[in-house]
Amino acid sequence: MLSKSAFDALGPVFASHGWVFLGPYRRGQGLSASAGPYIGDQIAAAEKKGGISAGAAEMVRLLETDHLNDQLAALAWLRKQSFVQPDRIAVAGTSFGGIETVLGAEQGNYCAAIDSAGGAQSWAHAPELQVRMTRAVRNAHAPMFFFQAANDYDLSPSKTLSAVMKDARKTYEVKIYPPYGNSTQDGHSFG
């Protein structure tokens, strides 16, 4: 589902429950196409030069720097808006957005975080992502909800990260839903 379609579907649901909904486009996509290179292209270039491990390292580098900085800038902007309760801002995301959700929950002082399939496509190939996300949930300030469809690429992120939160005595919930669609990609797009 394209970001605009997702935002058009999700925005009214959140608004009907009294939440302001901000759906940003990442650099290089949609309304932010001119804000910088697209992360997928940067990862592919790194992978072409140095293989899967180089692509994974580039992904982690970008997600914990440029893209996390963008998220935290959006959070700072939201906190300044008169129509927003600054202590009641939650974060949610799917796939790369789920990774960003976890990283943001460590630094952003959100009231809640919802991670849908964060890291599911790259978990097995990116040990540095596993380390980074594990550290983030251990240090998280927000309660987290992890969820995935049973036919997603890899359920390890939700299972591992929720176990880390349990060990750290943090508030969390994890839910693996029944299979969605007919493929792993369908399952991954469940959120």
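Leaving aside neighbours within four places in sequence, with which residues is Val137 in contact? Val137 is in contact, meaning heavy atoms within 4.5 Å, with Val102, Met144, Phe146, Leu161, Val164, Met165 and Lys170.

## Basis of the model

This is a predicted model, in which local features need pLDDT of at least 70 and side-chain atom pairs count only at pLDDT 80 or more, while totals for chains, interfaces and linings use all residues. Residues are numbered from 1 along each chain as its sequence is written, and side-chain values use heavy atoms, with hydrogens and water left out.

## Helix α2

Helix α2 spans residues 39–50, and its 12 residues reach 16 Å from the first C-alpha to the last, close to the 16 Å expected at 1.5 Å a residue, where the expected span is 1.5 Å times one less than the number of residues. Within α2, Ile39, Gln42, Ile43 and Ala46 are buried, a term that means under 20% relative accessible area, as against over 50% for exposed and partly exposed in between (1.4 Å probe, protein chains only). These four lie on the same side of α2 because they cover an arc of only 95° around the axis, taken from the directions from the helix axis to the C-beta atoms.

The buried residues of α2 pack against α3 (52–64), α4 (66–79) and α5 (96–107), whereas the face turned away from the buried side carries the exposed residues Asp41 and Lys48. Just after α2, Gly51 takes a positive phi of about 85°.

Asn109, in the loop between α5 and β2 (112–116), has a positive phi near 55° although it is a residue other than glycine, and at 52% relative accessibility Asn109 counts as exposed. Ala117, in the loop between β2 and α6 (127–139), likewise has a positive phi, near 65°, but at 2% relative accessibility Ala117 counts as buried.

Ala117 is among the residues touched by His188, together with Thr94, Ser95, Ala120, Gln121, Asp152 and Tyr153, not counting residues up to four places away in sequence. His188 belongs to helix α8 (residues 184–188) and is buried, with a relative accessible area of 4%.

Definitions and conventions: Helix = DSSP H or I, 4+ residues; strand = E, 2+ residues; numbered from the N terminus.
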